[in-house]
Amino acid sequence: MDIQLDPARDDLPLMANTSHILVKHYVLDLDVDFESQVIEGTIVLFLEDGNRFKKQNSSIEEACQSESNKACKFGMPEPCHIPVTNARTFSSEMEYNDFAICSKGEKDTSDKDGNHDNQEHASGISSSKYCCDTGNHGSEDFLLVLDCCDLSVLKVEEVDVAAVPGLEKFTRSPELTVVSEEFRNQIVRELVTLPANRWREQLDYYARCSQAPGCGELLFDTDTWSLQIRKTGAQTATDFPHAIRIWYKTKPEGRSVTWTSDQSGRPCVYTVGSPINNRALFPCQEPPVAMSTWQATVRAAASFVVLMSGENSAKPTQLWEGCSSWYYYVTMPMPASTFTIAVGCWTEMKMETWSSNDLATERPFSPSEANFRHVGVCSHMEYPCRFQNASATTQEIIPHRVFAPVCLTGACQETLLRLIPPCLSAAHSVLGTHPFSRLDVLIVPANFPSLGMARPSKDKTGHTSDSGASVIKHGLNPEKIFMQVHYLKGYFLLRFLAKRLGDETYFSFLRKFVHTFHGQLILSQDFLQMLLENIPEEKRLELSVENIYQDWLESSGIPKPLQRERRAGAECGLARQVRAEVTKWIRVNRRPRKRKRREKEEVFEKLFPDQLVLLLEHLLEQKTLSPRTLQSLQRTYHLQDQDAEVRHRWCELIVKHKFTKAYKSVERFLQEDQAMGVYLYGELMVSEDARQQQLARRCFERTKEQMDRSSAQVVAEMLF
């Protein structure tokens, strides 16, 4: 199964056989160790075979197989109305924190052998290559294939969900009186399809099942990009165990997490927006069509804060002295790539004058908004949807927390905390209901690959096999991360459409679109098609999906509509003000060093940050700027204290004109704004100035160990 990729193409394989079997829920139980830079523990997967979906909607199944990340709408599962006993009668020895089992010391003893083994594979488990059928046909064993990379898998076993008291009532077949594979799989089938209003009970049972004893080890094998699991004699996905536990540990060099230090010099770790997403954090199904829910218990030293992309505001539970546990969960099915974790010595920021009323601000909405507030029956898979909650639809500002390194608490207190409520309110006014009930904001370390979050496009993955596996073109090419043209075009396309249609029409459509497609995967053509269908004929002005694709996506260079907009924008008041300031600076630059006594000093206007960016871009077009002019620029606008966009243009000026007195500003930028600094390394090397090249190499030596891997690779190719 190991795929040898052509390095010249830099393709990325998605190996999971999602057409045959799907993960419906993950339960993670992990320990974070900063000394070894390893995250280890278990993950329990609750599976559902593809036959269920094929019976419900065969056409959708075909669409899923044709393209791995298209928006597939699965049929609504049939609700289960069988009564379930109280979940808290399971075991008095287990401790729950909002339905989470937290105590590591209370795991079943039958699972301890091989749990934290340093061996690559636990004893007694076959790690040899074998030939298996990955589909639902043939005489060979069925093979579950998960996306996995840079992980040490220690053991895989089937989970005996039938050992959990009360779960036997989930079986509808009276003839299933003996505990068997079919009996256990029937329990999981009913558990994963519980109706949305029983989500708390469902999470509780997931937690119980994750702690149930194993009932047989499974054969497994790993290669570069996948984990393959089989059970002897299970020839189809229907026969394969629907609840399995994987014991594993991450590797310090794993490409899904970054071990580094925050701005205060304290250790931290966070998930990276890398091309391989989370497959080096836990075995998963990578294709976005594999939508699932999850819950996670994470233990770390008591001095650390654990943040995750969960729906609850977790608080630490002390397990023993020096160790705390954190529990998060998600009830909305989402792709595995949306799972995030950050662990560090963060400090929570709180506004001193915070009012509880601010968290549930309600306001009357306009008739155009009212049409989309209550959507009736949602089109997504069943989950506890906020769009069906009347109070949630009018909640402008959701509860939120802000975390930052100690050294940045003052700046956050002064600026960031006050910005979040109006931003949330503005988002609500434009898009309507917040899809999540809460928000955590974290000030990430300087080496966070912010441009790396713009991953290579996955809408054209090439050939997709019958199993659902596919390959992302150029997915592993580190340079693609920094090619932002398609994202910039997308931004300006939305701006163009808003201007063409008018704000009222455009924003009304946006609200309708969000309400129609919330909770689902969508494609660009879904958005454009719905837009054109919902605007009056007189406003379309020859717009069509085909024309938009041709002008904006399939043509190189700046689209013609954008060129016309740029020419028109050049006449706006703010742009005219910038041009006037540019003229002043050119005049200053041309003056001799000793001026005449009667010559007036130039008076410069105060500019907004966006205007400063435009000003510096215009000045970059000047062939020469004297050190005196550059020093005056820095002093007039306090450029060293501006945002990263402004400082980046300022550093470009410094490099272009070899303004040695400000080289410290370049060094600071390369260390504190590492993602954007990649472009600046190129400017330093292209200049062929020995001092500048030495500066670039010196900064890279200081930061390369903590740098994002893709960024470091691109910079190293520039420097050496």
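In this predicted model, the axes of helix 10 and helix 12, the latter spanning residues 545-553, come within 10 Å and cross at roughly 130°. An angle over 145 degrees would count as roughly antiparallel, and one of 65 to 115 as roughly perpendicular, so helix 10 and helix 12 are described as oblique to each other. The crossing of these two helices is right-handed. On the side of helix 10, the contact is formed by S524, Q525, L528, Q529 and L532, and these meet V545, I548 and Y549 of helix 12. Sorted by class, the residues of this contact comprise 5 nonpolar and 3 polar ones, with no charged residues.

Helix 9 covers residues 503-517 and helix 10 covers residues 524-533, and their axes come within 10 Å while crossing at roughly 130°. That angle makes helix 9 oblique to helix 10, and the crossing in which helix 9 passes helix 10 is right-handed. From helix 9, the residues Y506, F509, L510, K512, F513, T516 and F517 take part, and they meet D526, F527, M530 and L531 of helix 10. The residues of this contact divide into 8 nonpolar, 1 polar and 2 charged.

Taking the two contacts together, helix 10 presents D526, F527, M530 and L531 to helix 9, whereas S524, Q525, L528, Q529 and L532 are the residues it presents to helix 12. Charged residues are present in the contact of helix 9 with helix 10, while the contact of helix 10 with helix 12 has none.

Conventions
Residues numbered from 1 in each chain as written. Predicted model: local features only at pLDDT ≥ 70, side-chain atom pairs only at ≥ 80, totals over all residues. Heavy atoms only, no water. Axes fitted to C-alpha atoms, helices over the stretch in contact; angles between N-to-C directions. Helix = DSSP H or I, 4+ residues; strand = E, 2+ residues; numbered from the N terminus. Parallel < 35°, antiparallel > 145°, perpendicular 65-115°, else oblique. Left-handed = near helix turned anticlockwise from the far one by under 90°. Contact = heavy atoms within 4.5 Å. Nonpolar A, V, L, I, M, F, W, Y, C, P; charged D, E, K, R; others polar.
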